Amino acid sequence: MPKITFIEHNGAEHTVDAEVGTSVMETAMRNDVAGIVAECGGGCTCATCLVHVDEKWYPVVGQPSADEAYMIDGAFEITATSRLACQITVTDELDGLVVRTPAYQGR
């Protein structure tokens with residue numbers, strides 16, 4: 001089972017098991033990771049699950065779709081490696097993924 005490390009804006013780290021085929025957002029919600037609000041439940045319509053993918057992992061995770069990029073553009077605290085956690089599907093290749101949560105998710 002892949003492991004994902006979530007690093008909160010205050011530095012608190014949570015390394016959790018992730019089920020292949022679920023999203024990074026679902027993984028965060030199932031493990032009570034602070035900083036992921038997910039108001040739309042994974043519909044790519046609210047950007048309250050924004051994460052900053054570690055630079056090492058960004059090429060593995062890949063670029064956002066056009067719809068996701070549009071949502072990210074309206075979010076707070078975006079970076080060059082920002083993605084919506086609801087749009088990242090967990091695969092075995094993501095074992096060890098590191099993402100950071102912003103201090104504010106626009107809620």
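Helices (H or I, at least four residues) and strands (E, at least two) are DSSP runs, numbered from the N terminus. The model is predicted, so that local features need pLDDT of at least 70 and side-chain atom pairs count only at pLDDT 80 or more, while totals for chains, interfaces and linings use all residues. Residues are numbered from 1 along each chain as its sequence is written, and side-chain values use heavy atoms, with hydrogens and water left out.

Figure 1. With a relative accessibility of 36%, Ala-34 counts as partly exposed; here buried means under 20% relative accessible area, exposed over 50%, and partly exposed in between (1.4 Å probe, protein chains only). When residues up to four places away in sequence are not counted, Ala-34 touches Glu-8 and Thr-101, a contact being heavy atoms within 4.5 Å. Ala-34 and Val-90 are separated by 56 residues in sequence and by 19 Å in space, C-alpha to C-alpha.

**Figure 2. Strand 1 and the strands with which it pairs.** Two strands pair if DSSP finds at least two bridges between them. Strand 1 (residues 3–7) is mostly covered, four of its five residues being buried. Its pairing with strand 2 is antiparallel and extends over five bridges, with Ile-4 opposite Val-16 of strand 2. The hairpin of strand 1 and strand 2 has five residues between the strands, and Gly-11 there takes a positive phi near 95 degrees. Strand 1 and strand 5 run parallel and are joined by four bridges; Phe-6 stands opposite Val-99 in strand 5.

**Figure 3. The aromatic pair of Phe-76 and Tyr-104.** A search of the whole structure finds one aromatic pair. Rings of Phe, Tyr and Trp (its six-membered ring) pair if their centres lie within 6.5 Å; planes under 30 degrees apart count as stacked, over 60 as edge-to-face and the rest as tilted. The rings of Phe-76 and Tyr-104 are edge-to-face, at 4.7 Å centre to centre and with 75 degrees between the planes. Because Phe-76 lies in the loop between helix 3 (66–73) and strand 4 (82–84), and Tyr-104 in the segment after strand 5 (97–100), the pair ties together parts that are 28 residues apart in sequence. Phe-76 is partly exposed, at 45% relative accessibility, and Tyr-104 is partly exposed at 35%.

**Figure 4. The salt bridge of Arg-83 and Glu-68.** Side chains of opposite charge can pair when their charged atoms come close. A salt bridge is a side-chain nitrogen of Lys or Arg within 4 Å of a carboxyl oxygen of Asp or Glu, and by this rule the count comes to four. In the pair of Arg-83 and Glu-68, the closest N and O atoms are 2.7 Å apart. This pair links distant parts of the chain, with Arg-83 in strand 4 and Glu-68 in helix 3, 15 residues apart. Arg-83 is buried, with a relative accessible area of 4%, and Glu-68 counts as buried at 1%.

**Figure 5. The salt bridges Arg-100 to Asp-54 and Glu-19 to Arg-30.** The side chains of Arg-100 and Asp-54 meet at 3.3 Å, N to O. Arg-100 belongs to strand 5 and Asp-54 to the loop between strand 3 (50–53) and helix 2 (58–61), 46 residues apart. Arg-100 is partly exposed, with a relative accessible area of 35%. For Glu-19 and Arg-30, the closest N and O atoms are 3.8 Å apart. Glu-19 lies in the loop between strand 2 (13–17) and helix 1 (24–30), and Arg-30 in helix 1, eleven residues apart. Glu-19 counts as partly exposed at 45% relative accessibility, whereas Arg-30 is exposed, with a relative accessible area of 53%.
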